[in-house]
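Please read these points with the model open beside you. They are meant to be checked one at a time.

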Amino acid sequence: MEESKTFEELNIDEDILEAVRDLGYETATPIQISCIENLLKGYDLIGQSKTGTGKTAAFAIPMIELIDPDDRRMQGVVLCPTRELCMQSAEEIRKLLKYKPGIRVVSVYGGQPINYQISDMRKGFQIMTATPGRLLDHLRRHTLKLDQVQMVVLDEADEMLDMGFKEDIDLILSQMPEPRQTVLLSATMGEDVKAIAREFMEDPVEIRTSEDDHLTVDEISQEYFDVKAKMKTEALCRLLDLEMPERALIFCNTKKKAAEIAEELKSRDLPADALHGDLKQAQRDLIMRRFRSGDIKWLVATDVAARGLDIHGIDVVFNYDLPDEMEFYVHRIGRTGRAGKTGKSYTFIVGKEIEKLAQIQEYTGSKVTPRTLPTLQEIEAVHKNRLLQEVRQILKGGSPSLPSAGKYMADVEALIADGFDAKAVASALMAKLLYTPSADPLSKRPALIVSDSDSMVKLYFSVGRKQGVRVKDLVGLIAAKCGVPAASVGHIDILETFSYVDVPSSVASDVIGTLDGDTIKGFKLGVQMASSK
C-alpha cells in the first residue's frame with residue numbers, strides 16, 4: 001500500500017497547494033499520490049479505485065500543471081458519463097484553480113442549449129469537461145478543435161461504456177493528436193475497459209488502491225434492521241428522527257417507490273425529495289441544487305438516477321430496498337465515508353432477504369451488524385440530550401449558531417416575578433421545546449406519548465379519493481389536531497369514498513373524539529372504529 005504523504009510532498013505548484021489548503025485537504029489519498037506522481041512524469045495511466053477517493057483532484061492537479069495559461073486553446077479534456085458528473089468535475093477543477101485566474105474551464109453536455117455553450121467557448125478556455133455525445137456534436141459543427149489536447153481523462157470509464165458510449169469514445173480518441181497523455185479511471189476493469197487501454201494508451205502505468213477485485217468499505221459502519229415490509233417507512237422515519245443527518249441518501253429499487261417514499265416524507269414536513277428517471281432534466285437540476293445548498297437534506301433515489309453523482313458530505317446512506325445487484329450495494333454505501341472520512345449505512349431487510357445480505361457480506365468482505373429499531377422513548381431521550389447540550393452552550397456564552405442567554409433574561413425574570421419558581425420555569429420551557437417542531441421533525445406536534453407496545457386498531461374515516469384526500473392529508477390532520485406523532489400513524493388505505501387508518505390503541509379514542517365532526521378538504525368528517533367486517 002502507498003505510504004501516506006501530504007500534498008506538500010508531491011512537488012506541485014504553490015498556487016495549487018494554496019487552493020488545496022483552502023479546501024481543507026491535508027494528507028493525499030493513495031489514488032491521488034499515485035496519479036499525481038506518475039502523471040507529472042508524463043506517463044499514460046490506468047487507475048482503478050473505489051468511489052470517493054478524490055479521483056478528480058488526482059487527475060486535475062497534474063492537468064493544471066501541464067496547462068499553458070497564456071494559450072487560450074483547449075489543452076485538457078475530461079470525458080464524463082453524465083451531465084451531473086460533468087458539472088461537478090468542472091466545479092472541483094475551478095476550486096483548484098482559485099489562485100490561477102489565467103486558466104479557464106468550460107462544460108459541455110446534453111440538455112443545455114448548444115448555442116449557449118458555443119458562446120461560452122468563444123471566450124477562450126484551456127480545460128473542458130464533457131459528455132461524449134455533446135463533445136461530438138461540437139466537433140461536427142466545427143465549434144471545437146482537438147489539435148492542442150495534451151491530456152485526456154476518461155472518468156468513470158466503466159459507466160460510460162455501460163451507457164453505450166463506446167463508439168463515441170473511440171471516435172473522439174482517434175481524432176486527438178499524438179503524443180498526448182491518456183488517463184483512464186474506472187471503478188471496475190472489465191474487458192471493454194481494457195480494450196480501450198490497449199488501443200489508445202502507450203505503456204500505461206496501472207494503479208489499484210484495493211488488493212482485490214472488490215471495492216472495500218472498511219471505513220463505513222454498516223448495520224441492518226430486520227423489519228416487516230409495511231413497517232419500512234416508520235423504521236426510516238425513526239432512524240432519521242434519531243440521527244437527524246444533515247445529508248442522507250435513501251435508495252429504492254424502483255422509480256415508483258422512490259417517489260412514494262419522498263412524498264410520504266414531505267407529507268410529514270420533512271426536508272426530502274426524490275430523484276428518479278421520470279423527472280425532466282430541469283427538475284433534476286433543481287433538486288440537486290437544493291440538495292447541495294441544504295434546502296433538501298434527505299434525497300430518495302434509484303440507482304440509475306444517482307449514477308454519476310459525486311456528492312460530498314453524506315452522513316448516512318439508507319438501503320430502503322436491498323439492491324438487486326451486489327455491486328450496487330457497494331456503490332450506494334460508498335457515497336458516505338468518502339476521502340478518508342467515516343460514514344454510516346443502514347439497510348432494511350425483509351424475511352428471506354437475510355440470505356442475500358449474507359452474500360453481500362461475503363462479496364464485500366465486511367460485516368453488516370444487526371440492530372433493533374430505537375423506541376420512541378429512546379428517541380425522546382436523544383432529543384432531550386441534544387437540547388441540554390445546546391442549553392449548556394448558551395449558558396457558557398453561546399456559539400455563532402446559538403443565541404445569547406441574555407436576550408431572554410427579562411422574560412424569565414417576568415415569569416419569576418409572577419410567582420413561578422425558577423426551576424419550574426426552566427422545566428416548563430424544556431417541555432415546550434421538546435414538544436415543538438424544532439425538537440421533533442417527524443410529527444411536528446408530539447403532545448401524546450405512544451408506547452411501542454401499543455397494539456394498532458383500525459379507524460374508519462368518511463372521506464376518500466373522491467374527496468381528493470391523500471395519505472399526507474390524513475397523517476397531517478391526525479398529527480396536527482390530535483398530537484399523535486406522525487411516525488406512530490400506521491397503514492392508511494384510501495378507497496373511493498372512505499378510508500381506513502391504523503392508529504395505536506391508546507390514542508384511538510382521542511382521535512375519534514377530536515376529529516369526528518371536523519372537516520377536511522371542505523368535507524365534514526366522520527370518524528369511528530372500523531367494523532370487524
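**Notes on the predicted model**

1. The model is a predicted one, which should be kept in mind for every point here.

2. Which residues of H1 are buried? Within this helix, which covers residues 14-22, they are Ile16, Leu17, Ala19 and Val20. Viewed down the axis of H1, these buried residues lie within an arc of 160°, so they line one face of the helix.

3. Both ends of H1 can be described. At its start, a side-chain oxygen of Asp13 comes within 2.8 Å of the backbone nitrogen of Asp15. Just after the helix, Gly24 has a positive phi of about 85°.

4. Taken as a whole, the protein chain contains 20 helices and 22 strands. It has 533 residues, of which 50% count as buried. Among contacts in the chain with a separation of 6 or more, 74% are between residues 24 or more positions apart.

5. Strand S4 (residues 76-79) is buried at each position: Gly76 and Val78 point one way, while Val77 and Leu79 point the other way. In a regular strand, side chains alternate between the two faces of the sheet.

6. Which strands pair with S4? One is S6 (residues 127-130), which runs parallel to S4 and is joined to it by four bridges. In this pairing, Gly76 is opposite Ile127. Another is S7 (residues 151-154), also paired with S4 in the parallel sense, over four bridges. Here the bridge partner of Val78 is Val153.

7. Strand S10 (residues 220-226) is mostly covered, with five of its seven residues buried. It pairs with strand S15 (residues 343-349) in the parallel sense, over seven bridges. It also pairs with strand S16 (residues 369-370), again in the parallel sense, over two bridges.

8. In S15, Tyr346 stands opposite Glu223. In S16, the bridge partner of Glu223 is Thr369.

9. Is helix H10 mostly covered or mostly open? H10 is mostly covered, as 11 of its 12 residues are buried.

10. Just after H10, Met244 takes a positive phi of about 45°.

11. How many disulfides does a search of the whole structure find? It finds zero. A disulfide requires two cysteine sulfur atoms within 2.5 Å. The cysteine sulfur closest to that of Cys80 is in Cys86, at 5.0 Å, so this pair is too far apart for a bond.

12. Are Cys35 and Cys80 buried or exposed? Cys35 has a relative accessible area of 0%, so it is buried. Cys80 also counts as buried, because its relative accessibility is 0%. The cut-off for buried is under 20% relative accessible area.

How values were computed
Residues are numbered from 1 along each chain as its sequence is written. This is a predicted model: local features need pLDDT of at least 70, side-chain atom pairs count only at pLDDT 80 or more; totals for chains, interfaces and linings use all residues. Side-chain values use heavy atoms; hydrogens and water are left out. Buried means under 20% relative accessible area, exposed over 50%, partly exposed in between (1.4 Å probe, protein chains only). The arc is that of the directions from the helix axis to the C-beta atoms. A polar contact is a pair of N or O atoms within 3.5 Å; within protein, one must be able to donate a hydrogen and the other to accept it, and residues adjacent in sequence count only if both atoms are side-chain atoms. Two strands pair if DSSP finds at least two bridges between them. Contact means heavy atoms within 4.5 Å.
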